[in-house]
Amino acid sequence: MIYDTKVLLALSISILLSTIFGILIPSIGELFSPYILVILGILLFLNLIQLEFQDLVSTFKKPKLLFILSIMKVIVIPVTMYLVTSQVSPKHALSVLLLSGISTGLGAPFVTNYVGGKLSIIVGMVIVTSLAVPFILPMLVYLLFNTEFSIPIFDMILLLVVSLVFPLVTSGFIKKYLPKLATEIKKSSLPLSIILMDMINFAIFSNFSIYFYFELFFVIFTTVIAILLFVVFAITGYFMLYFINRDSSIRYKISGLIVMSYVNNILVTVFAQQFFGSQVAALAAFYNIPYYMGIILLKVLFSRKVKISSN
């Protein structure tokens, strides 16, 4: 097999254990909760070190692709998902809208580096959608639910600086002026990234562990919705890039899948709890289940194709 079976097994077991520990010993997992922003920033840094800055510049010089993907990501998909959910399960419509309309996630670069994809497209989408969401998502919530909801601009700026701008600048500086250190970071980025994701997963499930004891049906039903959303996002992203450029490589098409399905669900969890309560936030939290299952499945399905395409 092209992929490292030991790494894949270690990832699978560690994610499973972090989920179980979060449910069984939430008091420990909650210790990580205040530092999720910092952990995400470190995770992004470890994976941005593999980004060629010139590739990112080239992506922004031809903004048509980012524009199309962004419109789809922050407007078309959330409105469509809201319309469907409001007919099928109205009580989940708000949760679905919030999760569907959030930006491409800060963990997406890790998925790209591990599974395959064009890192410059993913990072470009993280930047563009992170800037757009604080303005567009509250407007959608107000129009569709007549509910006041705002993502504080200062908080979003802080999020971007700590979790995106600082890692981007720092990784670029190290690659340019400390190339040996950059090489060492690249070598250790995968195991360190897995540890950081475990910490995040541990913290998230510790905050919702009570539902596993007293509302198991709610957990199962919400998880099923999360899995369905992940599948819809992934298929939409993959075929968007397929139809935009049918002659493109598998790495290009996987990039569309990643930007649409690997969303910033952690941010949704935080803000949804603050404004709408834990039941609304639960969908974003349980989205971690297909999020990590997807990494494992995509690695198995696409790693050989990505290798062949690269050659």
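Helix axes here are lines fitted to C-alpha atoms over the stretch in contact, and angles run from 0 to 180 degrees between N-to-C directions. The helices themselves are DSSP runs (H or I, at least four residues), numbered from the N terminus. The model is a predicted one, in which local features need pLDDT of at least 70 and side-chain atom pairs count only at pLDDT 80 or more, while totals for chains, interfaces and linings use all residues. Residues are numbered from 1 along each chain as its sequence is written, and side-chain values use heavy atoms, with hydrogens and water left out.

To start with helix 3 and helix 10, their axes come within 9 Å and cross at roughly 155 degrees. With angles over 145 degrees counted as roughly antiparallel, helix 3 and helix 10 are therefore roughly antiparallel to each other. Helix 3 goes past helix 10 in a left-handed crossing, meaning that the near helix is turned anticlockwise from the far one by less than a right angle (clockwise would be right-handed). Contact (heavy atoms within 4.5 Å) involves residues including Ile 39, Leu 40 and Leu 43 of helix 3 and Leu 192, Leu 196 and Ile 200 of helix 10. By class, this contact has 15 nonpolar, 3 polar and no charged residues; Ala, Val, Leu, Ile, Met, Phe, Trp, Tyr, Cys and Pro count as nonpolar, Asp, Glu, Lys and Arg as charged, and the others, Gly among them, as polar.

Next comes helix 6 (residues 93-100), whose axis comes within 9 Å of that of helix 14, with a crossing at roughly 140 degrees. Helix 6 and helix 14 are therefore oblique to each other, and their crossing is right-handed. Leu 94, Leu 98 and Leu 99 of helix 6 touch Asn 265, Val 268, Ala 272 and Phe 276 of helix 14.

A cavity is a set of points on a 1 Å grid over the protein atoms alone where a 1.4 Å probe fits but cannot get out, and lining residues have an atom within 4 Å of a point. The largest cavity has about 110 Å³ of space, a volume being the space filled by probe spheres set on the points. Its lining runs to 14 residues, with Leu 40, Gly 107, Asn 265, Ile 266 and Tyr 291 nearest the centre. Helix 3 (36-48), helix 10 (179-207), helix 14 (265-276) and helix 16 (288-310) each supply at least two lining residues, and helix 16 gives the largest share, 3 residues. The lining of the largest cavity has 9 nonpolar, 5 polar and no charged residues.

Methods
On a 1 Å grid over the protein atoms alone, a cavity is a set of points where a 1.4 Å probe fits but cannot get out, and a pocket is an open set with protein on both sides within 12 Å along at least five of seven lines; lining residues have an atom within 4 Å of a point. Angles under 35 degrees count as roughly parallel, over 145 as roughly antiparallel, 65 to 115 as roughly perpendicular and the rest as oblique.
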